[in-house]
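I opened this entry to write down, step by step, what I looked up in the structure and what I found there.

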Amino acid sequence: MSHTPDIPEQYVCKGCQAIYAGTVLKRGDTHHFEAPAECSACGSTAFVPLEQYIHEAGQSA
Ligand SMILES: [Zn+2]
C-alpha cells in the first residue's frame, strides 16, 4: 500500500489500544508525524504506528 502523506500517521497505545492521530512536525517543506507523549486515557507512553500494530497483530494471530 502506498504512503499517503496527506493523511496523518496514526499511533496505537500499547496500554489500552486507543488510536491517536500523530502530531504534525514541520521542517521546511517537509513534515512528519510523531506519536503523542502520553495516552490521555491510561497514561501509557508506549505507542506503535498503526501499520506496525496491525502487522504485529497479524503475526501473533
Ligand atoms: Zn492508553
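The score I consulted before anything else, pLDDT, is the predictor's confidence in each residue, from 0 to 100. I needed it because this is a predicted model.

**Confidence.** I noted a mean pLDDT of 87 for the protein chain, with 87% of its residues reaching 70 or more. I keep in mind for my own reading that, where pLDDT is low, the predicted coordinates should not be read in detail.

**Layout.** I counted 1 helix and 5 strands in the protein chain, and their order along the sequence is β-β-β-β-β-α. Of the 61 residues in the protein chain, 8% are buried. Looking at contacts between residues at least 6 apart in sequence, I found that 51% of them join residues at least 24 apart.

**Core.** Which residues make up the largest nonpolar core? I listed Tyr11, Val12, Cys13, Cys39 and Phe47, 5 residues in total. Strand β1, residues 10-13, supplies the largest share of this core, namely 3 residues. I then followed Cys39 and, setting aside its neighbours within four places in sequence, recorded contacts with Cys13, Gly15, Cys16, Ala18 and Ser44; Cys13 is itself listed in the core.

**Ile19.** I located Ile19 in strand β2, which spans residues 19-21. Is Ile19 buried or exposed? It counts as exposed, because 11 other C-beta atoms lie within 10 Å and the cut-off for exposed is 12 or fewer. Not counting residues up to four places away in sequence, Ile19 touches Gln10, Val12 and Leu50, and Val12 is one of the core residues. I also checked Ile19 against Val48: the two are 29 residues apart in sequence, and their C-alpha atoms are 9.7 Å apart in space.

**The β3-β4 hairpin.** I found strand β3, residues 23-27, running antiparallel to β4 and joined to it by 5 bridges. One pairing I looked up by residue is that of Leu25, whose bridge partner in β4 is His32. The two strands form a hairpin with 2 residues between them, and Gly28 in the turn has a positive phi of about 65°.

Methods. Residues are numbered from 1 along each chain as its sequence is written. This is a predicted model: local features need pLDDT of at least 70, side-chain atom pairs count only at pLDDT 80 or more; totals for chains, interfaces and linings use all residues. A nonpolar core is a set of buried Ala, Val, Leu, Ile, Met, Phe, Trp, Tyr and Cys residues joined through C-beta atoms within 7 Å. A residue is buried if 20 or more other C-beta atoms lie within 10 Å of its own, exposed if 12 or fewer, and partly exposed in between; C-beta atoms are placed from the backbone. Helices (H or I, at least four residues) and strands (E, at least two) are DSSP runs, numbered from the N terminus. Two residues are in contact if their C-beta atoms, placed from the backbone, lie within 7 Å. Two strands pair if DSSP finds at least two bridges between them.
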